[in-house]
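This report describes how two chains meet. Look at the structure below before reading on.

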Number of protein chains: 2
Amino acid sequence: MSIEVTSDSTHAALRALAEQTRELMDAVAATDADDAELIAVTEEVRALTERLARARRAKAEVGHPRWLMGNAVVGAANPFAPPIEIEHVPGGGVRAEHVFRRLHEGPPGLVHGGVSAMVLDHLLGVAVGAAGRAGLTASLTIAYRAPVPYGVPVVLTAEHTRSEGRKSWADGRIAHQDGTVLVEATGLFVTPTWFPRTG
Amino acid sequence: MSIEVTSDSTHAALRALAEQTRELMDAVAATDADDAELIAVTEEVRALTERLARARRAKAEVGHPRWLMGNAVVGAANPFAPPIEIEHVPGGGVRAEHVFRRLHEGPPGLVHGGVSAMVLDHLLGVAVGAAGRAGLTASLTIAYRAPVPYGVPVVLTAEHTRSEGRKSWADGRIAHQDGTVLVEATGLFVTPTWFPRTG
């Protein structure tokens with residue numbers, strides 16, 4: 001595994017740029033600027049894209065400090081990532097609080113069911129990892145009980161339920177802050193032979 | 001339903017801005033610019049965000065021409081959306097070809113399993129809609145057979161399998177161009193009473 005030296009200040013600058021880019025994405029999805037302004041801003045965004053593309057970093061390998069920063073769900077340096085900030089719950093399991101955005105819309109005013117599935121897949125994987133059984137998703141089942149709103153905080157929780165050999169199962173859910181369950185998930189994860197052991 | 005007048009040129013300008021913003025996101029996730037440049041670009045992105053935020057459009061209602069343009073999976077005017085471009089297959093079913101990006105990474109070099117789940121949820125819903133049975137996802141099961149690479153085209157297909165009352169089922173998959181199936185999905189969709197009838 002090759003570890004490039006990345007300073008804390010570079011990490012912070014990458015996180016800040018990704019976060020500001022998320023705000024730009026929100027503004028793009030909501031703007032009512034006139035055509036001339038849309039075209040002018042597009043040209044400015046193109047110029048910034050070219051500035052950033054002049055130096056391109058190598059893809060980070062597993063275990064590299066930058067790897068999870070680029071992750072599609074939790075990557076602080078990845079503008080596509082919401083990002084979900086997951087904490088370990090004392091006694092077991094994982095938890096995240098998140099405010100989804102208009103960008104995540106499926107049905108009008110509501111979070112896209114696919115976005116709920118996306119974040120639950122990751123959360124269940126982290127729950128399995130937290131139990132020392134890191135693995136990739138083999139199967140995932142999502143049950144949609146009620147619509148998930150955006151613009152207000154919802155709570156995501158998950159926990160490892162059992163393991164057999166290289167297989168592990170986890171359950172998780174998205175709920176309102178009062179505990180009302182909106183979406184439930186259960187997943188089977190398999191530890192690949194090439195994965196670093198976590199427990 | 002209120003229909004605001006949006007010209008073709010505004011649609012085109014919004015699509016172009018969203019597409020350029022996606023390229024910026026790709027560049028942000030891959031840049032190796034130094035700290036000073038990262039900070040300078042962040043400030044420029046902030047200024048563009050403020051320009052776009054000066055005029056904010058109302059949220060689009062179901063059936064509005066802008067509604068699907070903002071969708072998290074297929075929305076051409078939504079930078080978060082990949083976006084998947086879905087076509088109807090003569091004789092039934094739907095199909096999309098897509099090149100996922102580094103932004104969609106989960107395991108190193110591979111598309112995040114949650115991203116696969118996200119796009120399959122939408123694709124199955126469209127397959128149900130194409131059969132005149134539009135609905136929201138009630139449950140979704142994903143089976144991960146092999147890793148999905150990014151940077152190369154993959155093929156997504158789905159078809160409605162049956163309906164009973166307001167319930168409809170659909171199957172779908174992500175495959176290599178040679179037909180090798182990588183991810184399979186099956187979903188149950190329920191037509192809400194408030195949905196516009198499509199068939």
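## The two helices

α1(A) and α1(B) are roughly antiparallel to each other, because an angle over 145 degrees counts as roughly antiparallel. The axes of helix α1 (residues 8-30) of chain A and α1(B) cross at roughly 170° and come within 11 Å. Axes are lines fitted to C-alpha atoms, for helices over the stretch in contact, and angles run from 0 to 180 degrees between N-to-C directions. Helices (H or I, at least four residues) and strands (E, at least two) are DSSP runs, numbered from the N terminus.

In α1(A), residues including A:Leu17, A:Thr21 and A:Val28 meet residues of α1(B), among them B:Leu17, B:Thr21 and B:Val28. By class, this contact of α1(A) with α1(B) has ten nonpolar, two polar and no charged residues. Ala, Val, Leu, Ile, Met, Phe, Trp, Tyr, Cys and Pro count as nonpolar, Asp, Glu, Lys and Arg as charged, and the others, Gly among them, as polar.

## The whole interface

In chain B, 73 residues are in contact (C-beta atoms, placed from the backbone, within 7 Å) with 73 residues of chain A. α1(B) gives the most to the side of chain B that touches chain A, with 16 residues.

## The paired strands

Strand β3 (residues 136-144) of chain A pairs with β3(B) in the antiparallel sense over five bridges; pairing needs at least two bridges found by DSSP. A:Thr141 has B:Thr141 as its bridge partner in β3(B).

## About the model

This is a predicted model: local features need pLDDT of at least 70, side-chain atom pairs count only at pLDDT 80 or more, and totals for chains, interfaces and linings use all residues. Residues are numbered from 1 along each chain as its sequence is written, while chains are lettered from A and ligands numbered from 1 in the order in which they are written.

Note on methods. Contact = placed C-beta atoms within 7 Å. Parallel < 35°, antiparallel > 145°, perpendicular 65-115°, else oblique.
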